[in-house]
Amino acid sequence: MRVLGVDPGLTRCGLGIVEGSPGRALNLVAVDVVRTPADAELGHRLLAIETAIDEWLATYRPDTVAVERVFSQHNVRTVMGTAQASGVATLAAARRGIPVVTHTPSEVKAAVSGSGQADKAQVAFMVTRLLRLDAAPKPADASDALALAICQVWRGAAQNRLQAAVAAAGRGRR
C-alpha cells in the first residue's frame, strides 16, 4: 500500500509518501514541505498547495491520501488555514478518484509512538526509526506528514479487513 500523508497548513504543508503493509518494513518514498509566503494572496497560496499535491499524486500514484483532521484550536486563523489546505488536498485526491481518510493528531501519535499524548519530538523520533532514516525529516511538518502516512498504512489495512468481513457477513445473511 502506498499512502500520501498530508499535514495541512497554509505556510507549510507537509507531504510524505510511505509504502508498506502491517507486519512488514515501511519504506520512505518521498517527503517535502510546500511553503507559501504569509503575505501572498490566499488564492495564490491555495493554488500553490494544490499544484504541488496534484504533481505528487501524478508522480507517486498513492493508493490513499491521509490528511490530518482539522481540530479546534484557540487561534481561529490557524484553524481556517489548516482547513483550507485540508480541503485542497481532499479535492485534489477526489479529482483523481483516490480515497481520502482523515486521522486526528491523537490517532496518529498513538499509531506511531504508542501514546496519543506524544510530543512532536517523540513522533519525529519514531518516524525516523520506523523508516530507518539517518535523521528526522525537517521541519516537523515533513515528519508529521510521514506519521500520517504510516498511521494509514497500519490502520487502513485493519479497516479494510473489517469492512470486508462486514460485507461478507452481510452477503451470508441473504
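Before anything else, contact in this note means heavy atoms within 4.5 Å. The model is predicted, so to speak of local features takes pLDDT of at least 70 and side-chain atom pairs count only at pLDDT 80 or more, while totals for chains, interfaces and linings use all residues. Numbering starts from 1 along each chain as its sequence is written, and side-chain values use heavy atoms, with hydrogens and water left out.

1. Thr64 is a handy place to begin. Thr64 sits in strand 4, residues 64-68 (helices are DSSP runs of H or I with at least four residues, strands are runs of E with at least two, and both are numbered from the N terminus). At 8% relative accessibility, Thr64 counts as buried (buried is under 20% relative accessible area, exposed is over 50%, partly exposed is in between, with a 1.4 Å probe and protein chains only). Setting aside residues up to four places away in sequence, Thr64 touches Arg2, Val3, Leu4, Ile98, Pro99, Val101 and Gln152.

2. Strand 4 also holds Glu68. UniProt, in an unreviewed entry, puts a "binding site" feature at Glu68; UniProt positions follow the numbering used here, feature names are shortened, and annotations may be inferred rather than shown by experiment. Glu68 is buried, its relative accessible area being 15%. Beyond four places in sequence, the contacts of Glu68 are Val6, Asp7, Pro8, Ser86, His103, Pro105 and Leu148.

3. The UniProt "binding site" annotation, again from an unreviewed entry, also covers Asp7 and Asp141. These two are spread over 135 residues of sequence yet cluster in space, with a largest C-alpha distance of 6.1 Å. Asp7 belongs to strand 1 and Asp141 to helix 5. Are they buried or exposed? Asp7 counts as buried at 6% relative accessibility, and Asp141 counts as buried at 12%.

4. Now for the surroundings of that pair. Not counting residues up to four places away in sequence, Asp7 touches Arg12, Cys13, Gly14, Glu68, Asp141, Asp144, Ala145 and Leu148. With the neighbours within four places left aside, Asp141 is in contact with Asp7, Arg12, Gly14 and Val33.

5. Gly14 is in strand 2 and is buried, with a relative accessible area of 0%. Gly14 and Ala140 are 126 residues apart in sequence, and their C-alpha atoms are 8.2 Å apart in space.

6. How many salt bridges does a search of the whole structure find? The search turns up five (a salt bridge is a side-chain nitrogen of Lys or Arg within 4 Å of a carboxyl oxygen of Asp or Glu). Side chains of opposite charge can pair when their charged atoms come close.

7. One of the salt bridges joins Arg2 and Glu19, with the closest N and O atoms 2.8 Å apart. The pair links distant parts of the chain, with Arg2 in strand 1 (residues 2-7) and Glu19 in strand 2 (residues 12-19), 17 residues apart. Glu19 counts as partly exposed, at 29% relative accessibility.

8. Arg95 and Glu50 form another salt bridge, at 2.8 Å from N to O. This pair also links distant parts of the chain: Arg95 is in helix 2 (residues 76-95), Glu50 is in helix 1 (residues 42-60), and they are 45 residues apart. Arg95 counts as exposed at 52% relative accessibility, whereas Glu50 counts as buried at 17%.

9. Asp144 and Lys120 meet in a salt bridge too, at 2.4 Å from N to O. Asp144 lies in helix 5 (residues 140-172) and Lys120 in helix 4 (residues 120-130), so the pair ties together parts that are 24 residues apart in sequence. Asp144 is buried at a relative accessible area of 11%, while Lys120 is exposed at 52%.

10. Last, some helix packing. The axes of helix 3 (residues 105-113) and helix 4 come within 9 Å and cross at roughly 50° (axes are lines fitted to C-alpha atoms, for helices over the stretch in contact, and angles run from 0 to 180 degrees between N-to-C directions). Helix 3 and helix 4 are therefore oblique to each other (under 35 degrees counts as roughly parallel, over 145 as roughly antiparallel, 65 to 115 as roughly perpendicular, and the rest as oblique). The contact is made by Lys109, Val112 and Ser113 of helix 3 with Val123, Met126, Val127 and Leu130 of helix 4.
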